[in-house]
Amino acid sequence: MSLKLGVPSKGRLMDKTFAWFEKRGITLSRTGSDREYAGRVDGIDGVSLVLLSAGEIPRELAAGRLHLGVTGTDLVLEKLPLWEQQVEEIAQLGFGQADLIIAVPACWADVDTLDDLDAAAAGFRARHGHRLRIATKYHRLVRDFLTDAGVADYTLVDSQGATEGTVKNETAEAIADITSTGETLRANHLKILSDGLILRSQATLWRSRVAPLNPGDRQALELLLDRLAR
Ligand SMILES: Nc1ncnc2c1ncn2[C@@H]1O[C@H](COP(=O)(O)OP(=O)(O)OP(=O)(O)O)[C@@H](O)[C@H]1O
Ligand SMILES: O=P(O)(O)OC[C@H]1O[C@H](OP(=O)(O)OP(=O)(O)O)[C@H](O)[C@@H]1O
């Protein structure tokens with residue numbers, strides 16, 4: 001057995017995570033072919049690298065199959081309702097910053113706030129006979145946020161990618177998604193509600209509170225955390 005560290009298997013989070021560990025004297029690398037999801041850890045003993053989807057890391061930490069994992073705050077809070085009992089935040093890594101927001105068509109001149117959205121939703125239902133649709137993959141976070149804001153007359157439609165396109169494609173009237181530069185929103189003629197910020201997210205190193213640790217794992221964990229804290 002060894003201490004299992006989960007890291008996103010591709011894209012911006014993987015590269016920046018590798019660089020973050022490298023700066024602290026721990027080399028993470030992919031081994032084998034480009035398509036083989038195998039990796040290794042150099043610079044510390046007793047730690048193995050698990051490459052997997054950023055979206056699956058919260059579940060693996062909560063199930064205790066990973067001891068440590070790097071993924072965004074947004075994904076942990078969305079996927080783990082009891083996240084504080086299941087994982088502990090070890091370090092915010094200073095990259096992968098993105099805001100989870102609610103956006104509507106830029107041409108909706110009368111809708112700039114959540115109250116406006118609430119009013120528009122009631123009018124929409126009266127006119128169209130069905131509820132205003134909000135496309136998102138962040139179902140739990142969006143529902144909780146809108147409940148707190150007193151917005152009720154809407155329905156969520158699932159969108160696992162290219163969410164900003166759903167409005168043009170007429171499968172939703174509004175969206176809730178992450179934005180970083182804002183370019184995707186602008187390109188799709190959407191505007192953020194002035195009070196529509198649900199969450200600020202960034203890549204974070206998490207520790208599972210439930211993963212079993214044998215004495216060797218415990219030693220490796222202490223050593224690793226000590227190295228990362230320097
Ligand atoms: N444009 C962006 N800028 C910065 N961070 C982003 C951006 N888009 C996504 N992220 C962050 O990256 C993390 C992974 O996002 P996402 O689930 O979209 O991954 P993915 O690349 O689609 O990977 P996978 O499909 O394998 O899960 C999330 O925590 C998210 O907040
Ligand atoms: O504000 P911006 O800098 O334009 O970035 C925001 C975009 O980045 C993410 O998409 P990603 O590239 O992960 O693709 P996806 O649509 O498949 O989620 C996110 O879902 C937005 O669409």
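## Around ligand 1

Helix 1 (11–23), strand 5 (68–72) and helix 3 (73–79) each contribute at least two residues to the shell around ligand 1. Helices (H or I, at least four residues) and strands (E, at least two) are DSSP runs here, numbered from the N terminus. In total, 15 residues surround ligand 1, and the closest are Ser53, Ala54, Gly55, Gly72 and Ser180; a residue counts as near a molecule if its C-beta atom, placed from the backbone, lies within 6 Å of it.

By class, this shell around ligand 1 holds five nonpolar, nine polar and one charged residues. Ala, Val, Leu, Ile, Met, Phe, Trp, Tyr, Cys and Pro count as nonpolar, Asp, Glu, Lys and Arg as charged, and the others, Gly among them, as polar.

## About the model

This is a predicted model, in which local features need pLDDT of at least 70 and side-chain atom pairs count only at pLDDT 80 or more, while totals for chains, interfaces and linings use all residues. Residues are numbered from 1 along each chain as its sequence is written, with chains lettered from A and ligands numbered from 1 in the order in which they are written.

The protein averages a pLDDT of 96, and 100% of the residues score at least 70; pLDDT is the predictor's confidence in each residue, from 0 to 100. The model's ipTM is 0.94 and its pTM 0.95.

## Two domains

The protein is assigned domain 1 (3–96 + 202–229) and domain 2 (98–200), with bounds from an automatic or database domain assignment. Their C-alpha centres lie 32 Å apart. Six residues of domain 1 are in contact with seven residues of domain 2, contact being C-beta atoms, placed from the backbone, within 7 Å.

Ligand 1 brings us back to both domains: each supplies at least three residues to its shell.

## Around ligand 2

Among the residues surrounding ligand 2 are Gly161, Asp177, Ser180 and Glu183. Strand 10 (174–179) and helix 8 (183–187) each give two or more residues to this shell, and strand 10 gives the most, with three residues. The shell around ligand 2 divides into two nonpolar, seven polar and three charged residues.

## Inside the protein

The largest nonpolar core has 27 residues, and those with the most contacts inside it are Leu5, Val47, Leu61 and Trp206. Such a core is a set of buried Ala, Val, Leu, Ile, Met, Phe, Trp, Tyr and Cys residues joined through C-beta atoms within 7 Å; buried means that 20 or more other C-beta atoms, placed from the backbone, lie within 10 Å of a residue's own.

Apart from this core lies another, of 25 residues, including Leu100 and Ile175.

Key: Contact = placed C-beta atoms within 7 Å. Buried ≥ 20, exposed ≤ 12 C-beta atoms within 10 Å, placed from the backbone.
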